[in-house]
Amino acid sequence: MNLENVLLVGAIVFAIGLYGALTKRNAITVLMCIELMFTAVNITAVALSRYVIPAAIAVNPGAVPETAMQSLLTGQIFTIFIITIAAAEIALGLAIVMAIFRNKESVFVTDATEMKR
Amino acid sequence: MILGAGTEDSMVIDVVFWTISVSIIVAALAVVHLKDLFRAALFLVVAFLGAAGLFVLLRAEFIAVVQVLIYVGAISVLIIFAIMTTREVEQGNPFNRLRAPAMTLAGLFLAGVLFVVFATEWNILDVAIANGTFSADTTQMIGETFTTTVPRIAALLIRDYVLAFEVASVVLLAAIIGALTLMRDR
């Protein structure tokens, strides 16, 4: 287990999510694939946070101040915000899907074409 | 002890890592390819749990707990709820006409990312520690940072990242109001 392996897993999951989000007709599956992509990005951010030396520490490895240590956790902070935004996104996305379903009795993205001119 | 240097490169960690990784990838493929939407949602839960396992391996225990609480607990319940109420389970989970171009795009994306990942000279923390780049004090502090992440993340969230934290709260509030407005009977 090293950085490249974790990034490889993240990239594969992101590519699968991208493929699914572009090709599925059911809007709920599209949202599920977007969640897969969020998860892949989170894995990547945490892996980079764990393995890569931040600039604040690398700039002067001989005498690293205590305050520079927090830059080791930047990726984890990013992940927390991504999870927050993903939660907001899935709530809104599913609300939109349900609203479309109420009006058209269908959740297929190919059926929601009112704005296509 | 620092970053678990003795255990980190052991074979057990490798086996666990590849087991989790393969199950995440298989679950992701199942999400895309299964006809039954409900089973696809259950495989999404497997992928989320696997990601939580990876976070534990990557010394991000707090993120792993948040992942289980929010993704496995809340988001998958929301998705399954939406699947059950839209009654599309029997209609299946069809592809649209974009399959070939989307696969090409995803493949190109994967190739580009993998090229960057393997061509970059990463500045790896463990290698620097093993080479003795840091003083003993610094190595000690790095080890402490990764073993006590929760109080550090808490301090960072309400100190350095307080603006982003507040903005995220406003975004969540706006999302709640937006979802309620969209779903309201009128």
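Tutor: Before we start: two residues are in contact if their C-beta atoms, placed from the backbone, lie within 7 Å. Keep in mind that this is a predicted model.

Student: How far apart in space are F38(A) and I83(A), C-alpha to C-alpha?

Tutor: Along the sequence, 45 residues separate F38(A) from I83(A). In space, going from C-alpha to C-alpha, the distance is 7.8 Å.

Student: Zooming out, what radius of gyration does chain A have?

Tutor: Chain A has four helices and zero strands, in the order α-α-α-α from the N terminus on. Its C-alpha trace spans about 65 × 25 × 25 Å along the principal axes. A compact globule of 117 residues would come out near 13 Å, but the radius of gyration of chain A is 19 Å.

Student: What share of the residues in chain A is buried?

Tutor: On the contact side, among pairs in chain A at least 6 apart in sequence, 60% join residues at least 24 apart. As for burial, out of the 117 residues in chain A, the buried share is 58%.

Student: Is E105(A) buried or exposed?

Tutor: E105(A) is found in the segment after helix 4 of chain A. Its phi is positive, about 60 degrees, although it is not a glycine. The cut-off for exposed is 12 or fewer C-beta atoms within 10 Å; E105(A) has 10 others in that range, so it is exposed.

Student: Now R59(B): buried or exposed?

Tutor: R59(B) also isn't a glycine, and it has a positive phi of about 65 degrees. You'll find R59(B) in the loop between helix 3 and helix 4 of chain B. It has 21 C-beta neighbours inside 10 Å, so R59(B) counts as buried.

Student: Let's follow the chain into helix 4 of chain B. How far apart are its end C-alpha atoms?

Tutor: Helix 4 of chain B covers residues 61-86, which is 26 residues. At 1.5 Å a residue it should span 38 Å. That agrees with the distance between its end C-alpha atoms, 36 Å.

Student: Where does helix 4 of chain B bend?

Tutor: The bend in helix 4 of chain B is about 30 degrees. Past the end of the helix comes R87(B), with a positive phi near 50 degrees. The bend itself is at S76(B).

Student: What is the radius of gyration of chain B?

Tutor: Chain B has nine helices and zero strands. The globule rule gives 16 Å for 186 residues, and chain B is well over that, so it is more spread out than a compact globule; its radius of gyration is 21 Å.

Student: What share of the residues in chain B is buried?

Tutor: The C-alpha atoms of chain B fill a box of roughly 65 × 40 × 30 Å along the principal axes. Of its 186 residues, the buried share is 25%.

Student: Last one: what ipTM does the predictor give the complex?

Tutor: For chain B, the mean pLDDT is 87, and 92% of its residues reach 70 or more. For the complex, the predictor gives a pTM of 0.90 and an ipTM of 0.91.

Methods
Residues are numbered from 1 along each chain as its sequence is written. Chains are lettered from A and ligands numbered from 1 in the order in which they are written. This is a predicted model: local features need pLDDT of at least 70, side-chain atom pairs count only at pLDDT 80 or more; totals for chains, interfaces and linings use all residues. Helices (H or I, at least four residues) and strands (E, at least two) are DSSP runs, numbered from the N terminus. The expected span of a helix is 1.5 Å times one less than its number of residues. The bend at a residue is the angle between axes fitted to the seven residues ending there and the seven starting there. The radius of gyration is taken over C-alpha atoms; the globule rule is 2.2 Å times the number of residues to the power 0.38. A residue is buried if 20 or more other C-beta atoms lie within 10 Å of its own, exposed if 12 or fewer, and partly exposed in between; C-beta atoms are placed from the backbone. pLDDT is the predictor's confidence in each residue, from 0 to 100.
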